[in-house]
Amino acid sequence: SELGTILMALIIDGKALAAKIRQEIAVEVKKFSSGASGPPGLATVLVGEDPASAVYVRNKIKACREVGMAAADHHLSVSAPQDQLLSLMADLGRNPNVHGILVQLPLPPQMNPSEIFEAMPLEKDVDGFGIANWGRFFQAKSLVEMESCFIPCTPFGVLKMLESIGFSCAGKLACILGRSNIVGKPMAHLLTISNATTIICHSKTKNLEGILRQADLVVAAMGKPRFVKAEMVRASACVIDVGINRLPDGKLCGDVDYDAVAAKAAAITPVPGGVGPMTIAMLLSNTLKAWKLQKKAG
């Protein structure tokens, strides 16, 4: 049924959907990793001591091991020179037991992310941010054409959430708040090739509220706590909250004023328990894909 007919917002449970995807991945890993080839392997690289980054990396490694994948964390000091990171990436690129490489952002100031992602091997770029992968991703005119590259994990997760509730992007007006390389830009491309009419809004956008009120789909990813208010969204809208912000009292919230918007919108994702678990599930999915492609090539 059309989402607009739902009286109370449908809550899109990212945690449950991610658990289902992880279960499917675990079955595939078990089925295909018997024999001499061994399981898919993910290498994470953390530079420095950023506490949030350390938590993200720990969660990614734990998720890998839970589905039967091998995971190895590589930790460099905050003062490590860029050459040390490039050398480590080259070693991991040559290692046949490593199928995916993830360099956790942000990097310290002595490192140039563009040069790091220039050096990311295409076949192991499971985060999807390497320059070679980026080119293939943005060149693709359909999801089918993305078979030979990796879709960045967070936008990929959002797409899967929309699919899970039967939301068709075709002909819909989609409004994305935020223009980052991690979410905003790749999200816009995915929605556009899914036949949505896509608008990216940012800090310089004029008449932001007027644009938002017309949108069938709102993807909030700008890192401003509870920025999206109920009066900014239409009653039939689907609202995806990518933001995760820690409030002064220690609680987490998204970029959407959840309670008020949930009482008005047709569908909404919670924070936490929405997009976050999906991001990790799609990282596992990309690592499985990398492993399959490398086995086929080998």
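**Exercises on helix packing and a parallel sheet**

In this predicted model, Asn 59, Lys 60, Ala 63 and Cys 64 of H2 are in contact with Ile 280, Leu 283 and Leu 284 of H10, where contact means heavy atoms within 4.5 Å. Residues are numbered from 1 along each chain as its sequence is written. Because the model is predicted, local features need pLDDT of at least 70 and side-chain atom pairs count only at pLDDT 80 or more, while totals for chains, interfaces and linings use all residues.

**Exercise 1.** Describe how helix H2 packs against helix H10.

*Solution.* Two packed helices are described by the angle between their axes and the distance between the axes. Helix H2 (residues 51-66) and helix H10 (residues 275-297) pack at an angle of about 55°, and their axes are 10 Å apart. That angle makes H2 oblique to H10, since angles under 35 degrees count as roughly parallel, over 145 as roughly antiparallel, 65 to 115 as roughly perpendicular and the rest as oblique.

**Exercise 2.** Work out the strand order of the open sheet and identify the strands at its edges.

*Solution.* The 6 strands of the open sheet follow the order E1-E11-E8-E7-E5-E6, with parallel pairing; two strands pair if DSSP finds at least two bridges between them. Strands E1 (10-11) and E6 (197-201) stand at the edges with a single partner strand each, so one side of each has no neighbour in the sheet. Within the sheet, E5 (residues 173-177) and E7 (residues 217-220) pair in the parallel sense over 4 bridges, and Cys 175 has Val 218 in E7 as its bridge partner.

Technical notes: Side-chain values use heavy atoms; hydrogens and water are left out. Axes are lines fitted to C-alpha atoms, for helices over the stretch in contact, and angles run from 0 to 180 degrees between N-to-C directions. Helices (H or I, at least four residues) and strands (E, at least two) are DSSP runs, numbered from the N terminus.
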